[in-house]
Amino acid sequence: MRQPAAWSPRMSPGPGPAPERLAAALAEDIAAERLRPGARLPPHRQLADDLKLSVVTVGRAYALLERQGLVRGEHGRGTFVSASIPDEAAAFIDLSLNLPPPILAEAQFAAALQRVAARAAGISTQRYPPPAGRLEHRRAAARWLAGHRIDLPAERLLLTNGAQHAIMVALGLVCRPGDLLLVESVTYAGAKAAARLLGLRLAGIEMDGEGIMSAALAAALQGPDRPAALYLTPTMQNPTGRTLTAERRREIAALARRHDLPVIEDDVYSVLDDPGRPTLGELAPERVFYINSLSKGLSAALRLGLLAVPAGWEDRAAAAVQATAWTASPLTSFVMAEWLQDGTAGLVAEALRREVSARQAIAAEYFPGVRPAGPAAMHLWLPLAEAAAERAARRAQALGVIVTPPGATVVDAARDCGLRLCLGAAPSREMLGRGLGLIRQAIEAPEDTIF
Ligand SMILES: Cc1ncc(COP(=O)(O)O)c(C=O)c1O
C-alpha cells in the first residue's frame with residue numbers, strides 16, 4: 001500500500017534520545033492515520049538520510065514501534081504499519097484521556113434510545129428548542145443537581161454542549177480579548193485552550209494540598225493588572241485531584257465579593273464527592289457562574305453540560321449559547337432526562353465511585369509515596385520538575401503508555417509542574433495497573449537509559 005502523499009517523516013521535538021523521539025513521531029502519525037495500516041515505512045537508510053540520523057537510530061525506533069505492536073518487520077520486504085489496531089496486549093495504554101471508567105453498557109444506551117424513540121411523537125423534529133434548552137429538561141437537570149450538590153432555580157440553568165462549551169460561554173460573558181484570567185497554577189487543559197481562543201492572558205494562582213491559596217489570590221487581586229475573572233475547579237481539581245475545604249471556599253467567596261470578581265466554578269466531578277462542602281455557587285450566587293456536566297457522572301457521549309448563571313444574566317447567557325451553538329443537542333437532552341428520571345444516573349454514580357476508589361487503590365500500590373488527593377479523584381498527580389515530567393512522558397510513550405504532557409495543564413511551571421495520570425481511561429483495572437507499572441519504570445530509569 002502506498003503512503004498518503006502528504007506524509008513526511010519528522011522527529012518529535014524535545015531533548016530526549018533520538019530513537020525515542022523518532023518512534024514517538026511515527027506512533028503519532030500512525031494514531032492519526034497519516035500512516036495507514038499496511039503502509040510501508042521508509043527503508044532504514046532512506047529515513048536516516050532524510051532526517052540526518054544514523055541507521056542504528058532508525059533501527060532502534062522501528063524496534064520500539066514493533067514492541068508496541070504498531071509495526072511489523074518482514075524479512076527482506078521492509079517494515080509495515082500493523083494491518084489492524086494492535087490487540088490489548090500490544091496497544092498503547094492511554095492514560096491521557098480524562099474519561100470516566102466504562103460503567104454504562106452499550107445495551108443501556110440502546111434501551112434509552114428506544115424509550116426516547118417510543119415517545120418520538122412528543123419530540124418536535126423540525127424546530128429548534130430554545131437556546132437555553134427545553135424547560136422540562138432544565139428542570140430535570142436542576143433536580144439532579146439539587147439531589148447531590150446545589151439547589152438553584154431551573155430558570156438560571158442553561159443546557160450546553162458539555163462543560164467545555166459552558167466554560168467557553170462563561171468566559172465569553174465576563175472576559176474580553178486581552179483580559180487577565182486567574183486560574184490555578186496547573187489547570188484543566190480545556191480551560192487553557194478556551195482562554196487561548198478568546199485571546200485571554202492567564203495568571204496561575206499558587207496552590208497547596210487543597211487547591212488555590214487564599215493569600216495568593218488576595219495578592220493577585222491587589223496588583224495593578226485587574227483580573228476579569230477567576231476560573232477554578234474547587235472539587236477534585238483537574239489535574240491535581242485536590243479539593244478545597246469549606247473554610248477555604250468561604251475565604252475565596254469573600255475575596256471575590258470584596259473585589260467584585262466574577263468566578264467560574266467548574267464542578268464536573270460533583271458526583272464523585274461527598275456532599276457537605278458548600279459550592280462557591282451557593283456562597284456567592286450573585287457572581288458565580290456554576291458549571292457541571294453529565295460527562296463524568298453519566299456518559300461523555302451525551303455531550304451535555306450545565307451552566308447556572310447569576311440572576312440577571314439569563315438572557316445574555318442564552319444569547320451566548322445561541323451565538324456559539326444555537327442550543328445544546330436536543331436529542332441527547334431527551335436521553336439525559338430519561339436517565340436522570342429513571343434512576344440510571346444514581347446507579348451509575350454509585351458504581352463510578354466504587355470503580356474510581358478501586359482504581360485509586362491500584363494507583364497507591366504503584367506510587368505509594370504520592371499523597372492521594374482524595375479517595376474518589378479521577379486522576380493521580382505526580383509532582384515532577386518540568387524537564388523530568390517531559391522526559392517521563394516521552395519515555396512512557398516509548399514503552400507504550402500515553403500520559404498528558406505537562407505543557408497541556410501547567411500555567412506556571414515554576415510553581416507547580418508534574419504529570420497527570422487519568423485513572424478512568426484504561427478499559428480495565430488490569431490495563432491500568434500495567435500502564436502505571438510502565439510509567440513508574442519510565443520515571444525511575446536512569447537519565448541515560450534508552451528504551
Ligand atoms: C475540569 C473539567 N472541566 C470540564 C471538562 C469537560 O467536560 P465535558 O465533557 O462536559 O465538556 C473536563 C473534562 O475532562 C474537566 O476535567
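Strand 7 (residues 229–232) and strand 8 pair in the parallel sense over three bridges. Helices (H or I, at least four residues) and strands (E, at least two) are DSSP runs, numbered from the N terminus. Two strands pair if DSSP finds at least two bridges between them. The model is predicted: local features need pLDDT of at least 70, side-chain atom pairs count only at pLDDT 80 or more, and totals for chains, interfaces and linings use all residues. Residue numbers start from 1 along each chain as its sequence is written.

Strand 8 covers residues 263–266. Val263 and Glu265 point one way from this strand, while Ile264 and Asp266 point the other way. All four are buried. A residue is buried if 20 or more other C-beta atoms lie within 10 Å of its own, exposed if 12 or fewer, and partly exposed in between, with C-beta atoms placed from the backbone. Ile264 in strand 8 stands opposite Tyr231. In a regular strand the side chains alternate between the two faces of the sheet.

Strand 4 (157–160) shows a further pairing. Strand 4 and strand 10 pair over four bridges, in the antiparallel sense. Leu158 has Leu307 of strand 10 as its bridge partner. From strand 4, Leu157 and Leu159 point one way, and Leu158 and Thr160 point the other way. All of these residues are buried.

The loop between strand 7 and helix 9 (246–258) holds Pro239. A cis peptide bond joins Asn238 and Pro239, with omega about 20°. Met236 is placed in the loop between strand 7 and helix 9 as well. Its phi is near 50°, a positive value in a residue other than glycine. Met236 counts as buried because it has 24 C-beta neighbours inside 10 Å. Trp326 also has a positive phi, about 70°, although it is not a glycine. Trp326 is found in the loop between helix 11 (314–325) and helix 12. This residue counts as exposed because it has 12 C-beta neighbours inside 10 Å.

Helix 5 runs over residues 135–148. The expected span of a helix is 1.5 Å times one less than its number of residues. The 14 residues of helix 5 should therefore span 20 Å, and its end C-alpha atoms are 20 Å apart, which agrees. His137, Arg138, Ala140, Ala141, Ala142, Trp144 and Leu145 are the buried residues listed for helix 5. An α-helix has 3.6 residues a turn, so residues three or four places apart point the same way. The buried residues of helix 5 pack against strand 4, strand 9 (288–293), strand 10 (305–308), helix 12 (330–341) and helix 13 (344–366). Two residues are in contact if their C-beta atoms, placed from the backbone, lie within 7 Å.

Helix 13 has 23 residues. From first C-alpha to last it reaches 33 Å, close to the 33 Å expected at 1.5 Å a residue. Its buried residues are Ala345, Val348, Ala349, Leu352, Val356, Arg359, Gln360 and Ala363. They pack against helix 5, helix 12, strand 11 (379–383) and helix 15 (429–444). Ile362 also belongs to helix 13. Ile362 is partly exposed because 18 other C-beta atoms lie within 10 Å. Apart from neighbours within four places in sequence, Ile362 is in contact with Arg429, Leu432, Gly433 and Leu436. The C-alpha atoms of Ile362 and Glu430 are separated by 9.2 Å, although these residues are 68 residues apart along the chain.

The ligand is surrounded by 14 residues. A residue is near a molecule or strand if its C-beta atom, placed from the backbone, lies within 6 Å of it. The closest are Gly162, Ala163, Gln164, Ser293 and Ser295. Helix 6 (residues 162–174) gives the largest share of this shell, three residues. By class, the shell has four nonpolar, nine polar and one charged residues. Here Ala, Val, Leu, Ile, Met, Phe, Trp, Tyr, Cys and Pro count as nonpolar, Asp, Glu, Lys and Arg as charged, and the others, Gly among them, as polar.

The domain assignment of the chain gives domain 1 (18–81) and domain 2 (125–329). Domain bounds come from an automatic or database domain assignment. The domain centres, taken over C-alpha atoms, are separated by 44 Å. Leu22 lies in helix 1 (residues 18–31). Leu22 is buried because 25 other C-beta atoms lie within 10 Å.
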